[in-house]
Amino acid sequence: MAAYPQDPGAPDASYLSFWHERHLCTLTTSRPDGSPHVVPVGVTYDPGARLARVIALKGSTKVGNVLAAGTGGARVAVCQVDGGRWATLEGRAYVRGEPERVAEAERRYAGRYGRTPSPNPARVVIEIELTRAMGRG
């Protein structure tokens with residue numbers, strides 16, 4: 001079977017370009033019973049920091065699943081697909097509520113998706129410390 005690994009900190013140009021395009025993504029977390037929870041999300045990718053970011057509401061299931069994993073973080077994956085192009089980022093996710101982190105995630109989201117999220121005091125950011133990247137941009 002063919003593998004398409006990427007360096008999450010230094011992906012090739014076509015892979016990185018694909019992550020700059022506007023695409024809806026999925027986030028996969030594990031429920032407490034171990035089953036997958038897959039939801040549509042907006043994702044931003046910051047290879048220099050080896051981070052992917054997902055803005056979310058603190059009461060959402062995805063946030064609850066990440067928090068349930070404890071201080072070691074939750075193993076998660078984000079993915080996007082467009083025809084034969086696809087990209088997956090994997091890593092450990094942590095929920096961050098510090099205003100500067102949330103603001104950075106909102107800024108990046110606005111840059112990728114072309115709209116600034118409405119202010120929401122219940123917003124947090126799921127930061128994914130990337131350990132693996134794969135796909136074909």
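Tutor: Leaving out residues up to four places away in sequence, Gln80 touches Phe18, Trp19, His23, Leu24, Cys25, Arg85, Trp86, Ala87 and Arg112, where contact means heavy atoms within 4.5 Å. This is a predicted model, in which local features need pLDDT of at least 70 and side-chain atom pairs count only at pLDDT 80 or more, while totals for chains, interfaces and linings use all residues. Residues are numbered from 1 along each chain as its sequence is written, and side-chain values use heavy atoms, with hydrogens and water left out.

Gln80 lies in strand 6, a strand being a DSSP run of E with at least two residues, numbered from the N terminus. Gln80 counts as buried because its relative accessibility is 1%, and buried means under 20% relative accessible area, exposed over 50%, and partly exposed in between, with a 1.4 Å probe and protein chains only. The side chain of Gln80 also makes a polar contact with the side chain of Arg112, at 2.5 Å; such a contact is a pair of N or O atoms within 3.5 Å, one able to donate a hydrogen and the other to accept it, and residues adjacent in sequence count only if both atoms are side-chain atoms.

Now to the part of a sheet. Strand 2 (residues 25-30) and strand 3 run antiparallel and are joined by 6 bridges, and two strands pair if DSSP finds at least two bridges between them. Thr26, for instance, has Pro40 in strand 3 as its bridge partner.

Terms used
Helices (H or I, at least four residues) and strands (E, at least two) are DSSP runs, numbered from the N terminus.
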